[in-house]
Amino acid sequence: MNACIFCQIIAGKAPADILYRDEWVTVFRDAHPVAPVHILIVPNRHIPSVNELVPEDEALSGHLFSVAQKIARQEGVDQDGFRLMVNCGRGGGQTVFHLHMHLLAGRRFHLPF
C-alpha cells in the first residue's frame, strides 16, 4: 500500500488539505479539482474499489454517505446541491485504486457528464 497516494495521505506521509478524519474515513480537498468544491471521502483502510467491498463493509459504506452529508453542510453546499460520485475500475474512470467518493459542488452539473 506504500505506493497508494491515499494511503500515504491517511498516514500523514503525503500532504493534503484534511477537512475531517475519524476512525473510518479521511476527507480532504482534491489536488486537481474539477469543480469549485471538489472533496474526496476516503476509507482509512485500503480497499481498491467498490468491487472489493464485502458484506462486513456495509456500515463503512453508509458512513461514507453520512460523512458526505456532514461535509456538504460544513462547506455550505448542502442547500444548493452537490454531486456524489464513485468510480469503479478503469472503464468507470477510476484512476486511484483506493475506494473514494467525490463530493462536487459550486457549479451546475448536467447529464451526461
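This is a predicted model: local features need pLDDT of at least 70, side-chain atom pairs count only at pLDDT 80 or more; totals for chains, interfaces and linings use all residues.
A residue counts as buried when its relative accessible area is under 20%, as exposed when that area is over 50%, and as partly exposed in between.

**Exercise 1. Sort two partners by accessibility**

Find out which residue pairs with Asp57 in a salt bridge, and decide for both partners whether they are buried, partly exposed or exposed.

*Solution.* 
Step 1. Start with the pair itself: Arg45 and Asp57 form a salt bridge, and their closest N and O atoms are 2.6 Å apart.
Step 2. Now place the two residues. Both Arg45 and Asp57 sit in the loop between β3 (37-43) and α2, so their contact ties together parts that are 12 residues apart in sequence.
Step 3. Take the accessibility of Asp57. Its value is 5%, so Asp57 counts as buried, because buried means under 20%.
Step 4. With a relative accessible area of 45%, Arg45 is partly exposed.

**Exercise 2. Trace a network**

*Solution.* 
Step 1. Recall the general idea: side chains of opposite charge can pair when their charged atoms come close.
Step 2. Count what there is to work with: a search of the whole structure finds 3 salt bridges.
Step 3. Look at Asp17, which forms a salt bridge with Arg29, the closest N and O atoms lying 3.2 Å apart. This pair links distant parts of the chain, with Asp17 in the loop between α1 and β1 (18-21) and Arg29 in strand β2, 12 residues apart.
Step 4. Turn to Glu75, which also forms a salt bridge with Arg29, here with the closest N and O atoms 3.1 Å apart. Glu75 belongs to helix α2 (residues 58-75) and Arg29 to strand β2, so this pair, too, links distant parts of the chain, 46 residues apart.
Step 5. Check the accessibility of each member. Asp17 has 41%, Arg29 has 30% and Glu75 has 24%, so each of them counts as partly exposed.

**Exercise 3. Explore the largest pocket**

Which element gives the most residues to the lining of the largest pocket, and how is that lining made up by class?

*Solution.* 
Step 1. Begin with the volume, which is about 290 Å³ for the largest pocket.
Step 2. Go to the lining. It has 18 residues, and the closest to the centre of the pocket are Phe6, Asp30, Ala31, Leu40 and Val96.
Step 3. Assign elements: those that give two or more residues to this lining are α1 (5-10) and β2 (25-29). Helix α1 gives the most, with 3 residues.

**Exercise 4. Look at the surface**

*Solution.* 
Step 1. Find the patch: Phe65, Phe82 and Leu84 form it, and together they have about 260 Å² of accessible area.
Step 2. Pick out Phe82, which lies in the loop between α2 and β4 (83-85). At 32% relative accessibility, Phe82 counts as partly exposed.
Step 3. Move on to His32, found in the loop between β2 and β3. Its relative accessibility is 66%, so His32 counts as exposed.
Step 4. Finish with a distance: His32 and Gln8 are 24 residues apart along the chain, and 17 Å separates their C-alpha atoms.

Note on methods: Residues are numbered from 1 along each chain as its sequence is written. Side-chain values use heavy atoms; hydrogens and water are left out. On a 1 Å grid over the protein atoms alone, a cavity is a set of points where a 1.4 Å probe fits but cannot get out, and a pocket is an open set with protein on both sides within 12 Å along at least five of seven lines; lining residues have an atom within 4 Å of a point. Grid points are joined across faces, edges and corners, and a volume is the space filled by probe spheres set on the points. Helices (H or I, at least four residues) and strands (E, at least two) are DSSP runs, numbered from the N terminus. A salt bridge is a side-chain nitrogen of Lys or Arg within 4 Å of a carboxyl oxygen of Asp or Glu. Buried means under 20% relative accessible area, exposed over 50%, partly exposed in between (1.4 Å probe, protein chains only). Patches are made of residues with over 30% relative accessible area and no salt bridge: like charges are joined within 9 Å, nonpolar side chains (Val, Leu, Ile, Met, Phe, Trp, Tyr) within 5 Å. Accessible areas come from the Shrake-Rupley method with a 1.4 Å probe; for residues, only the protein chains shown count as cover.
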